[in-house]
Amino acid sequence: MSKRTIITAGVVLTMDAAYSVCKNGYIVIENGRISAVGEGEAPRAQEGDEQVNLRGALVMPGLINCHAHSPMTITRGMCEGVSLFTMDGFLNTLRRYESFEDAAMASASTGVSCAEMIRTGTTCFADQYFYADKIFTEVDNAGLRAVIAYGIVELGDEKRRLQELANADSFLRLCAEHGRIKGWVGPHAFFVDNSLDLIREEIAMAKKYQAGFHIHFATSNEENDYCAEHFGCSAIEKMEDLGILEVPILAAHSITVSDPDIKRMARYPFYPVLAPSAAMRSGFPAAPVKAMREADVTVVLGTDNVCNCNTYDMLAEMGTAGKLIIHREQDVKAIKARELVSMATRQGAAALGMEAEIGSLEKGKKADLIALDLSDIGWAPFCGQDYYTQLAYSVSGYSVSHSMVDGNWLMKDKKLLTVDYENYVRRMEEDTRELLRRMGS
Ligand SMILES: [Zn+2]
């Protein structure tokens, strides 16, 4: 028998379809997968097994952040007072910073982001940015799981278009052979950075590698206005016409959408990503999550960049999402706490095409899990309170004590095991100073 890890836990929140909760539960892990999960006495340990006592903890699936730009930590706090949800705000701040950055700067900032994600309970994230190969290396070293979308920007330059397509193709081929990291295609936003010809080539590439698209969509009405003027239809109608909707899509924000748009989404593997803090801090409302969910559109959760959100803490985002959705609808029943947790676990997994592998703690699934220390300040009292409510609204990701991906520990007792955080921070600060120097600040 291969070496096993046997975890005994105060509570196991499985996030299976029935939302099963195992008090005094256990999880057995073999070869990176869950071989048993249940309540009561754990299977007896054999020689060589690792036994982990988490009786004082809640164990649950690792959190899935469906929209991030991990190298952008280098500019955290440097876009204050600017809305990044408008082209004007975006082009005059972030794009300007990015024009002075180089590929080498992406490494340390991504390392810092990985550390922060592990520390706050994220085990899998979807990234969309330039420097995909740098992100790949840091994610691989950190032991996290990720779907990295190769960000293609064309800006009308034919030579650059061909080079970017070739680079994206190489990147997707590299990821096809990796177990934990998947490659997707990431046009920043349609009708802005990408010509129609390029979009068609990106669709063909996604189909070739059975990948999806990770995009920004409907942050403001600018895409709809553009499509109405140039094509006489809405942005999502034009996307349908081009065949984009035939591949899975993570569509960050999806705020300015109409009821017919939502009906159209429901016919395709279209996953709106709610990034509530980034939306609110950019001065925009929430997506119509209630209407989307009623139309059977699966809405998932992400942090977006840490210039507008400022944190990768997905538990904080869950709470913010719940409050924003309820406030938008003026209806306290608009979303339940357990549905918020589902958005960041099993539904996130579905959006990434990984529902058979991750997103819940069930026999046969990969062992991607986290533990939260129930003795931390903020949980009490324990008199039948709903764990989902406590997760979404009472505690933060800094209650996470343990993290495991593919059966490998990334953090134990709040100590990071795969990432040298201090070293990454030192290097990122040097990069930030160099960026500011180049900009003449
Ligand atoms: Zn974004």
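An open sheet of eight strands runs in the order β3-β2-β1-β4-β13-β14-β15-β16, with mixed pairing; strands are DSSP runs of E of at least two residues, numbered from the N terminus, and two of them pair if DSSP finds at least two bridges between them. The edges are formed by β3 (33–39) and β16 (415–416), each with a single partner strand, so one side of each has no neighbour in the sheet. Strand β2 (residues 21–30) pairs with β3 in the antiparallel sense over six bridges, and Glu-39 in β3 is the bridge partner of Gly-25.

The model is predicted: local features need pLDDT of at least 70 and side-chain atom pairs count only at pLDDT 80 or more, while totals for chains, interfaces and linings use all residues. Residues are numbered from 1 along each chain as its sequence is written.

The protein has 16 helices and 16 strands, helices being DSSP runs of H or I of at least four residues. The C-alpha trace spans about 65 × 45 × 40 Å along its principal axes. Of the 441 residues, 53% are buried, that is, with 20 or more other C-beta atoms, placed from the backbone, within 10 Å of their own.

Val-257 lies in the loop between β10 (249–253) and α9 (259–266). This residue is buried, with 25 other C-beta atoms within 10 Å. Not counting residues up to four places away in sequence, Val-257 touches Ala-218, Ile-262 and Pro-288, contact meaning that C-beta atoms placed from the backbone lie within 7 Å. The C-alpha atoms of Val-257 and Ile-236, 21 residues apart along the chain, are separated by 8.7 Å.

Terms used: A residue is buried if 20 or more other C-beta atoms lie within 10 Å of its own, exposed if 12 or fewer, and partly exposed in between; C-beta atoms are placed from the backbone. Two residues are in contact if their C-beta atoms, placed from the backbone, lie within 7 Å.
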